[in-house]
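Here's a quick briefing to read alongside the model. Have the sequence and the 3D view open as you go.

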Amino acid sequence: MHREHLVDTAPGVRLWVEERGDADAPALLLIMGAQASGLGWPDALVDALAAHHRVIRYDHRDTGRSTWSYETEPYALTDLADDALAVLDELGVERAHVVGMSLGGLLTQLLLADHPERLHTATLIGTCALSTTPYTRPDGTVVPVEELPSIDPRVLAMWSDRPVGLDPEAELDWRVEHWRLLNNEGVPFDAEAAREAERRIIAHTGHARVSTAHGQADHSGMLRTEALAATGVPTLVVSATAEPVFPPPHAQHLAQVIRGARLVEIPGMGHALPAPVLEPLAKAILGHTGG
């Protein structure tokens, strides 16, 4: 079953929301990364999860078919976590399994810390810890958070030199090369599949304009060191060995700072969801949710 909704989450803010799977199955909320439509979750992964869950994905503000309002009504990143709760509220979901990638992983941590009663489980992919607790290496040495590896310089260069006003094919070319970098070299990169996925997102959105809202949004008030260390929500951290945005050991650090977290490694995975990683990722998520 495939159902679409428009959900009001705040004054003047309406989000596009999609559900797949049995409406009576345990709910599983997918939260995508910065500037990413809900269609960033590949259909093959959504369908694999929907065989066991009522899967909910949505477009953040300033992405896809949701309200693009940052330029006139700025918001904070914490407001995006409130949006996720509002989606659950509107769909009548008291508790959900929540899976977040990149910025979505940060938002999932906010839910985990601030609204644990709304989560059955949490799964974190391609993100970093909202914690000041240092990382302890296997040899026992301690690494302050600020000394953990930063984003791959090649990725930062693409982000800082993001062109605007490109014609449609040049825009697609840029997006494909961006995904090539995020995919990294651990698994083969399928440029044509990436291009087709972006064509679908542009068609879904209705335009190819680029928003920088999530990068500009207020990032303050995000740390949840004590709450993450005390949570009782079962949490799975996915370790992507070729991750270029939050390179190892960010996943290992996450698994240390979140009470009781389990770590699962997907060899070769980067900061993307290409076909080769979907089966092991779905298996890991379903193994965690009991699906």
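For the residue classes used below, Ala, Val, Leu, Ile, Met, Phe, Trp, Tyr, Cys and Pro count as nonpolar, Asp, Glu, Lys and Arg as charged, and the others, Gly among them, as polar. This is a predicted model, where local features need pLDDT of at least 70 and side-chain atom pairs count only at pLDDT 80 or more, while totals for chains, interfaces and linings use all residues. Residues are numbered from 1 along each chain as its sequence is written, and side-chain values use heavy atoms, with hydrogens and water left out.

**Cavity and pocket**

- Some ground rules: on a 1 Å grid over the protein atoms alone, a cavity is a set of points where a 1.4 Å probe fits but cannot get out, and a pocket is an open set with protein on both sides within 12 Å along at least five of seven lines; lining residues have an atom within 4 Å of a point.
- Grid points are joined across faces, edges and corners, and a volume is the space filled by probe spheres set on the points.
- The count comes to 1 cavity of 30 Å³ or more, and the largest cavity has a volume of about 80 Å³.
- Of the 16 residues lining the largest cavity, Gly126, Val238, Ala240, Phe246 and Ala251 are the closest to its centre.
- That lining splits into 10 nonpolar, 5 polar and 1 charged residues.
- Strand E6 (119-125), strand E9 (235-240) and helix H9 (250-257) each give at least two residues to the lining of the largest cavity; helices (H or I, at least four residues) and strands (E, at least two) are DSSP runs, numbered from the N terminus.
- The second largest pocket holds about 200 Å³ of space, with 4 nonpolar, 5 polar and 3 charged residues in its lining.
- Among the residues lining the second largest pocket are Asp62, Trp68, Tyr70, Glu71, Arg209 and Gln216.

**Rings and charges**

- Tyr70 and Tyr75 are both buried, where buried means under 20% relative accessible area, exposed over 50%, and partly exposed in between (1.4 Å probe, protein chains only).
- Arg61 sits over the face of Tyr75, 4.9 Å from the ring centre, and Arg162 does so over Trp174 at 3.7 Å; the rule asks for NZ of Lys or CZ of Arg within 6 Å of the ring centre and within 35 degrees of the ring normal.

**Helices**

- H2 (residues 77-90) has 14 residues and reaches 20 Å from its first C-alpha to its last, close to the 20 Å expected at 1.5 Å a residue; the expected span is 1.5 Å times one less than the number of residues.
- Buried residues of H2 include Leu77, Leu80, Ala84 and Leu88, and Gly92, with a positive phi near 70 degrees, follows the helix.
- H3 (residues 103-114) has 11 of its 12 residues buried, so it is largely enclosed by the rest of the structure.
- Leu107 in H3 counts as buried at 0% relative accessibility, and its C-alpha lies 9.4 Å from that of Met32, 75 residues apart in sequence.
- Gly215 belongs to H7 (residues 213-216) and counts as exposed at 57% relative accessibility.
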